[in-house]
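Work through each task with the structure open, then compare with the solution.

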Amino acid sequence: MSSIIDTTAESIRSMEIRGAGRIARAGAEALRGFAETYAGNDLASFRADLKAAEQTLLASRPTAVSLWNGVQSSLKGAYKTESVDAARELILANSRQFCKRSLEAGDMIARIGAKRICDGDTVMTHCNSSMAVGIIEEAHRQGKEFKVYATESRPWRQGIITVTQLAEAGVDTTLIIDSAVRSVMKRTDKVFVGADTVTSHGALINKIGTSQLALAAHEARVQFYACAETYKFSPMTLYGDMVTIEERDISEVVRPGEIPASVKVFNPVFDSTPAAYIDAIITEMGMISPGSVYGIMVEQFGYKEE
Ligand code: RUB
């Protein structure tokens with residue numbers, strides 16, 4: 001196996017590379033590296049090695065469909081070429097195009113979402129989403145005056161990354177612990193969170209605890225926005241597939257010997273927020289309702305029972 005594939009898969013698995021957009025681009029870039037450095041000329045061997053690379057990358061983290069879409073976009077047509085060179089050229093072009101579109105989508109989402117932040121607002125965000133942070137930074141760049149509450153996001157504490165990024169950008173930022181969400185929601189106007197996957201019926205799969213923010217926002221009549229490039233829409237959910245919720249090792253939650261050996265630890269790292277709790281999804285195609293995800297998916301992917 002190509003070392004770039006193994007190294008990237010391991011970096012994604014260990015969360016050295018994390019966040020749904022970043023892992024998608026990392027998957028695409030790894031396939032580019034694989035294609036660029038592939039030495040042989042035998043088409044059958046190339047296809048077998050490419051399949052193994054694809055599977056290694058896809059197995060690295062199970063929940064974010066962005067990774068699947070990044071990998072599949074990069075491989076489009078690559079198993080059907082008549083030579084290794086043709087496949088290589090195709091993968092390089094596909095991968096570059098995916099990464100470019102991914103970054104452009106992020107810029108567009110920042111511009112669209114920033115319009116939703118007004119002077120005097122108090123905004124809440126969860127975990128560390130480059131889309132949500134991008135929107136907040138853009139609104140700040142535009143000179144709007146508002147403040148942000150960011151959750152710690154146990155156990156990985158990605159909230160520390162968020163507050164650092166926002167503070168460096170000059171945003172008025174307050175860190176809160178996850179269990180303060182309902183209490184602080186009373187002084188919040190808008191919530192912006194990222195997405196790992198959006199299903200065909202408009203449910204949002206994102207960092208564990210997102211559904212609690214949504215529930216508290218709903219109770220407090222606070223607007224709740226999911227920020228997602230459309231490559232986070234899951235075509236598999238059109239065909240009825242469930243999204244796999246990743247469970248990670250208990251060592252991320254407790255130290256060895258900290259609790260009695262008989263106690264079990266359950267560590268799911270994503271949860272599902274029903275469409276009914278989402279005011280809008282901010283995409284590069286504009287602000288859409290969760291109910292319109294199905295139509296966009298059918299347009300993008302077509303409907304074909306597999
Ligand atoms: C990160 C997380 C983010 C989404 C979107 O989880 O849930 O909200 O991935 O991120 P983890 P982005 O830290 O486990 O990867 O907007 O950057 O794509």
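**Exercise 1.** Determine in which hand α2 passes α4, and describe the packing of the pair.

Solution. The model is a predicted one.
- Step 1: the crossing of α2 over α4 is right-handed.
- Step 2: the axes of helix α2 (residues 20-37) and α4 lie 8 Å apart, and the packing angle is about 30°.
- Step 3: angles under 35 degrees count as roughly parallel, so α2 is roughly parallel to α4.
- Step 4: α2 contributes A20, G21, I23, A24, G27, A28 and L31 to the contact, and α4 contributes S66, L67, G70, V71, S74 and L75.
- Step 5: sorted by type, the residues of this α2 and α4 contact are 8 nonpolar, 5 polar and no charged.

**Exercise 2.** Describe the packing of α2 with α5, including the relative direction of the two helices.

Solution. 
- Step 1: α2 and α5 have axes 9 Å apart, at an angle of about 160°.
- Step 2: angles over 145 degrees count as roughly antiparallel, and α2 and α5 are therefore roughly antiparallel to each other.
- Step 3: α2 passes α5 in a left-handed crossing.
- Step 4: on α2 the contact is made by A24, R25, A28, E29, L31, R32, A35 and E36, and on α5 by R88, I91, L92, S95, R96, F98, C99, S102 and L103.
- Step 5: the contact of α2 with α5 holds 9 nonpolar, 2 polar and 6 charged residues.

**Exercise 3.** Find the salt-bridge partner of E246 and state which parts of the chain the pair ties together.

Solution. 
- Step 1: the whole structure contains 14 salt bridges.
- Step 2: one of them joins E246 to R61, with 2.8 Å between the closest N and O atoms.
- Step 3: E246 sits in the loop between α10 (235-238) and β8 (270-273), while R61 sits in the loop between α3 (43-58) and α4 (65-75), so the bridge ties together parts that are 185 residues apart in sequence.
- Step 4: buried means under 20% relative accessible area. E246, at 7% relative accessibility, is therefore buried, and R61 is also buried, with a relative accessible area of 7%.
- Step 5: a network of salt bridges links R61, E246, R248 and E252.

**Exercise 4.** Is K190 buried or exposed, and which residues does K190 touch?

Solution. 
- Step 1: K190 belongs to strand β4 (residues 190-193).
- Step 2: the relative accessible area of K190 is 8%, so K190 is buried.
- Step 3: leaving out residues up to four places away in sequence, K190 touches R116, C118, D121, T122, V123, M124, V222, Q223 and Y225.

Notes: Residues are numbered from 1 along each chain as its sequence is written. This is a predicted model: local features need pLDDT of at least 70, side-chain atom pairs count only at pLDDT 80 or more; totals for chains, interfaces and linings use all residues. Side-chain values use heavy atoms; hydrogens and water are left out. A salt bridge is a side-chain nitrogen of Lys or Arg within 4 Å of a carboxyl oxygen of Asp or Glu. Helices (H or I, at least four residues) and strands (E, at least two) are DSSP runs, numbered from the N terminus. Buried means under 20% relative accessible area, exposed over 50%, partly exposed in between (1.4 Å probe, protein chains only). Axes are lines fitted to C-alpha atoms, for helices over the stretch in contact, and angles run from 0 to 180 degrees between N-to-C directions. Angles under 35 degrees count as roughly parallel, over 145 as roughly antiparallel, 65 to 115 as roughly perpendicular and the rest as oblique. A crossing is left-handed if the near helix is turned anticlockwise from the far one by less than a right angle, and right-handed if clockwise. Contact means heavy atoms within 4.5 Å. Ala, Val, Leu, Ile, Met, Phe, Trp, Tyr, Cys and Pro count as nonpolar, Asp, Glu, Lys and Arg as charged, and the others, Gly among them, as polar.
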